[in-house]
Amino acid sequence: MRRFLSKSSSLRNPSLAPLSSSNSLETHICDSKTSSSISSHVKNPSGFPQEIPNPDSSNGYSQVRHWSHNPSFSGIRVGLRRVFSSGHWPKFPGLRNFDREGGGVLGSQSFGTQSRSLCSEPGRESIEYDVVIVGAGPAGLSAAIRLKQLCREKDVDLSVCVVEKGAEVGAHILSGNVFEPRALNELLPQWTQEESPITVPVSSDKFLFLTKDRAFSLPCPFDNKGNYVISLSQLVRWMGAKAEELGVEIYPGFAASEILYDENDVVVGIGTNNMGIAKDGSKKENFQCGVELKGRITLLSEGCRGSLSEKIIEKFNLRDKGDSQHQTYALGIKEVWEIDEDKHKPGAVLHTLGWPLDQKTYGGSFLYHMKDRQVSIGLVVALNYQNPFLNPYEEFQKLKHHPAIKQVLEGGTVLQYGARTLNEGGFQSIPYPVFPGGAIIGCSAGFLNVPKIKGTHTAMKSGMLAAEATFHVLNEGLGMETYWDNLKNSWIWEELYRARNYRPAFEYGLVPGLAISALEHYVLKGKFPFTLKHGKPDHEATNVAELHCPIHYPKPDGLLSFDVPTSLHRSNTNHEHDQPAHLHLRDPKIPELINLPVYAGPESRYCPARVYEYNPDEKGQLKLQINAQNCLHCKACDIKDPKQNIEWTVPEGGGGPGYSLM
């Protein structure tokens, strides 16, 4: 398996260290039959560049390269072969009869205290760690860093690995983001003295209500003093380097596709999916079987609507155990622009409500001025919207033509595009986060503070609390339930409790929602005498098409608004075309029998990447076509499909978007 390498990496087992390091633009990869040198600038079949741009390589926090994901290059894992950024094979003392051609091994080997069972297909390599973390986002990396900090403080040696489905750390990370550094101050208090990507403090804060042509200033409910405008994908890259300096092993490009259980239904780790499988299910020449990463504790940090997390929540009835309501979601669509210097105001923050959304649809927009003449602009649309003709992507294109927004963007250039769902259920929707053998952390559990529009600081804190509980479990024999207890005694719990009624207040519409929210914020200050409940689950909120009129959206002008293929190109999204679709229909008949005639085919509109299209067959009948290679991994389809007929599963590791500025 390949490793995300920072400038310096403190490895737990010296025998696993690479022989040398290299900063060459040429990346050497061994496939299953030969060793070859492949440029990191190789183009993929769709024409998107394979290299993720490094916006600030001079300060050293983003020492990453974008590996090619054509399966002919993916033979980087055969048995225990682990190719590092240098392209050299690591030496494993005592390893006997290693077959580089077929990946098989005769005999067995133990390296240090990590037992590694070696196999060739149809078996799988099994690697054992003390802690396995799924997802290299803010929560997962905070957990990994905190674990290693505790190891140093207590002179204990625990092996920690993080597996990440994105091609690089940060490649799948998307957020606003006005960053509250509260958790980071606790985790890495010296961050201000280091070359972190947190450099633009909030300088102003405005809140507008938009009509079609006008903007009305409202009292700003946000308190962003001391916060920063950042790129979250850049922050997690920096955190990844910090984690590796402490000895955490990070494996990007490997998708966790299944939970591993023992005979007592205790989670003992995860399995990554096989690579080199063709669409028809056959094994291609470069087939590589998945890997088992086994841990004494497994932490799931997959982000909003994590596929493994959802299975765990269902299997162990964690919502019932936590006495929580269903989760509610929103879809965030975002672009990063480079604008004229005279329009750029570093640290300026703008939020809006109202147009282009109707008064029954909850949502709003943001526009944040970053560094280097960059601004991030986005629209967040709650996925409990009723009108099946509503298209969040097209609503976002309309937003950019509003006079208050147009004046900032006009003359600028779009640098990147992306989309992601976010949890909006808040306090009421937090499941019991502990399961046999591990815990759920970060946005997989849903710690977003909706009125603040912030979840990074709470996600990070949850990872830190889970790490502390994990450390005590492994060293003192305590139960993982201490994570739940510590959560309820933390500032996360207090903060989310005070914010619990904002989102459900808008179930009654925009004006009642604003009134209740103002009362809660300015008068009661989070001490409402009861807790409001959420309405229907998002998929049930969709009305039948006959209750609404189709919405006619204007054509894109190519200056402020764009068609989906143009935007998709800017996301650097790529999946190997010849692989099984990772989007599954539980019943292939439902799209044509129910979704199309009853709901007018809403999947063709709620998806911001045109993954789902209805096209006529040879008889002129409309049939659903799934363009899985377009998928941004936003998870909207998994949430909004009226009959919950679409199941999102992980594709081959390394596929998906390639964000560097989001």
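Between which two strands is the loop in which N227 is found? In this predicted model, N227 is found in the loop that runs between strand 9 (215-217) and strand 10 (228-229), where helices (H or I, at least four residues) and strands (E, at least two) are DSSP runs numbered from the N terminus.

Residues are numbered from 1 along each chain as its sequence is written. Because the model is predicted, local features need pLDDT of at least 70 and side-chain atom pairs count only at pLDDT 80 or more, while totals for chains, interfaces and linings use all residues; side-chain values use heavy atoms, with hydrogens and water left out.

The mean pLDDT of the protein chain (pLDDT being the predictor's confidence in each residue, from 0 to 100) is 84, and 81% of the residues reach 70 or more. Over residues 2-121, however, pLDDT stays under 50, and for this stretch the model has 288 contacts beyond four places in sequence, a contact meaning heavy atoms within 4.5 Å. The protein chain has 16 helices and 27 strands. Of its 662 residues, 62% count as buried, where buried means under 20% relative accessible area, exposed over 50%, and partly exposed in between (1.4 Å probe, protein chains only). Among contacts between residues at least 6 apart in sequence, 76% join residues at least 24 apart. The protein chain exposes about 25500 Å², of which carbon and sulfur atoms supply 50%; accessible areas come from the Shrake-Rupley method with a 1.4 Å probe, and for residues only the protein chains shown count as cover.

When neighbours within four places in sequence are left aside, N227 is in contact with V178, F179, E180, P181, V200, P201, V202 and K454. G226 lies in the loop between strand 9 and strand 10 as well, but counts as partly exposed, at 47% relative accessibility. In sequence G226 and P181 are 45 residues apart, and their C-alpha atoms are 8.1 Å apart in space.

Helix 3 (residues 232-245) has 14 residues, which at 1.5 Å a residue should span 20 Å, and the end C-alpha atoms are 20 Å apart, which agrees; the expected span is 1.5 Å times one less than the number of residues. Helix 3 is mostly covered, with 13 of its 14 residues buried. Just after helix 3, G247 takes a positive phi of about 105°.

Strand 18 (residues 348-354) holds T352, which is buried, with a relative accessible area of 4%. A polar contact of 2.4 Å links the side chain of T352 to the side chain of S365. Beyond four places in sequence, T352 is in contact with F207, L208, L210, G364 and S365.

Strand 18 pairs with strand 19 in the antiparallel sense over four bridges, two strands being paired if DSSP finds at least two bridges between them. V349 has Y368, in strand 19, as its bridge partner. Strand 19 (residues 363-369) has seven of its seven residues buried, so it is largely enclosed by the rest of the structure. In a regular strand the side chains alternate between the two faces of the sheet.

In strand 21 (residues 413-423), N423 counts as buried at 4% relative accessibility. N423 touches C304, R305, Q327, T328, Y329, C443, G446 and L448, not counting residues up to four places away in sequence. The side chain of N423 reaches the backbone oxygen of C443 at 3.5 Å. N423 and A382 are 41 residues apart in sequence and, C-alpha to C-alpha, 9.6 Å apart in space.

Notes: Polar contact = N/O pair within 3.5 Å; in protein donor to acceptor, adjacent residues only side chain to side chain.
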